[in-house]
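Visitor: Hi, could we go through this structure together, one piece at a time?
Guide: Gladly, and here it is.

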Amino acid sequence: MRVSLPAGIAIGLAALFSVFHLVLGVASLATVTEVGPVLTCMALYAAASGVAVFLPGRPLPVWAACFSLATALVMPVIAAPVVDLTDKNDSTTWWVAAVGTLMVVLVVRGRRAFAWAGVVFVTLFVVVWAGPGAFGDLGLVGNLTWVAVATGFAVAMDRATRTTQEFLRAEQETADWQAAQDAHVFERQFRLSQTTRMALPMLERVIERDGDLTDDERSECLHLEQAIRDEIRGRSLLSDDVRDEVMRLRRRGATVQLHDDGGLDDLEVDDLRRVHAEIADALRRARDADNVIVRTVAEGSDAAVTIVGLRLDTAASESAALGAGLDDDEDEDDSVVLWTEIPRRAAV
């Protein structure tokens, strides 16, 4: 966002003043000693003004600023020799004010150094050419004043623009922070409600029986504790069907490990639902497995989730499920009862 005048108003005013100086140039043709230099100055001024006023972009391109500055340097040199200083017709020195107007346009277009170089040159040139008295008579004071006012205005506008951008950036950072806080609150409330929904019935039973639970109920408590851990460690792998199948395997005596290492966040909703459905289907087929490991695959791979089901003869710990502690002469392929890779994108 930029703080600026409406473009139409600024362009219209600049074009109006430029045309006015050209009208004065036409009026001076009857009083100058030679018409050719004046027409040349008018053509240069019209071209430079057209480029400076209508060329898009801010700041003005360097080549356009150089062209405008060159015009300001050339016009006094060409037009001054054909002006009769004894003639009090103000239109003969139209080029003095024209250069000032062109330099004001450069200031507004973000080329203040070029503008001040041009207005200082025309001021020194006219004072040397017409004498110190020309400083007030030929409009040099007006040139310097308008360029100074335009410079102050441009500096103030730039400062206002920077301040506005800082406020916008602070507002965006505040909105991002608030969104992050809201997301944390929502996630915490969701997890609490999910945990409450899962554990509340068993907790009420524990209170009712004063902690005197049967062996099956104690096993169910362990299963619930593992399910709560799943909500933390395997959150993107879970759906209602997946939760049901995981609980079924655990109640049968199998060890199920869910590891969300990232990689599913970029999936579309339809793809994520398909992945969940295939995970649930794979868990249904893992009826003979003693240890089931479900792990996400990092982004960049064609697979989204890898599921491994192992049949073990010893106690199923996580290291044993990954293959550690097996005898060298044991055929590991005989222990693998399920190996499934779920693709990230559905096959066309």
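**Spans, core and ring pairs**

Guide: Let us begin with residues 35-55, whose end C-alpha atoms lie 30 Å apart, in a span that is 90% helix and 0% strand. Please keep in mind that this is a predicted model.

Visitor: Where does UniProt place the feature "transmembrane region"?
Guide: The unreviewed UniProt entry places that feature at residues 35-55, 62-80, 92-108, 113-132 and 138-157. For residues 62-80, the end C-alpha atoms are 28 Å apart, and the span is 95% helix and 0% strand.

Visitor: OK, new topic: which residues touch the most other members of the largest nonpolar core?
Guide: This core has 39 residues, and those touching the most other members are Met75, Trp94, Trp95, Met103 and Val126. Helix 4 gives the largest share of the core, eleven residues.

Visitor: And what does Met75 touch?
Guide: Leaving out residues up to four places away in sequence, Met75 touches Cys41, Tyr45, Ala80, Trp94, Trp95, Ala98 and Val99.

Visitor: How many aromatic pairs are there?
Guide: The count comes to three aromatic pairs. In one of them, the ring centres of Trp95 and Trp129 are 5.7 Å apart and the planes stand at 50 degrees, so this pair is tilted.

Visitor: Why does that pair tie together parts that are apart in sequence?
Guide: Because Trp95 lies in helix 4 (residues 94-108) while Trp129 lies in helix 5 (residues 112-130), the pair ties together parts that are 34 residues apart in sequence.

Visitor: Is Trp95 buried or exposed?
Guide: Trp95 counts as buried, at 0% relative accessibility, whereas Trp129, at 24%, counts as partly exposed.

Methods: Residues are numbered from 1 along each chain as its sequence is written. This is a predicted model: local features need pLDDT of at least 70, side-chain atom pairs count only at pLDDT 80 or more; totals for chains, interfaces and linings use all residues. Side-chain values use heavy atoms; hydrogens and water are left out. Rings of Phe, Tyr and Trp (its six-membered ring) pair if their centres lie within 6.5 Å; planes under 30 degrees apart count as stacked, over 60 as edge-to-face and the rest as tilted. Helices (H or I, at least four residues) and strands (E, at least two) are DSSP runs, numbered from the N terminus. Buried means under 20% relative accessible area, exposed over 50%, partly exposed in between (1.4 Å probe, protein chains only). UniProt positions are given in the numbering used here, feature names are shortened, and annotations may be inferred rather than shown by experiment. A nonpolar core is a set of buried Ala, Val, Leu, Ile, Met, Phe, Trp, Tyr and Cys residues joined through side-chain atoms within 4.5 Å. Contact means heavy atoms within 4.5 Å.
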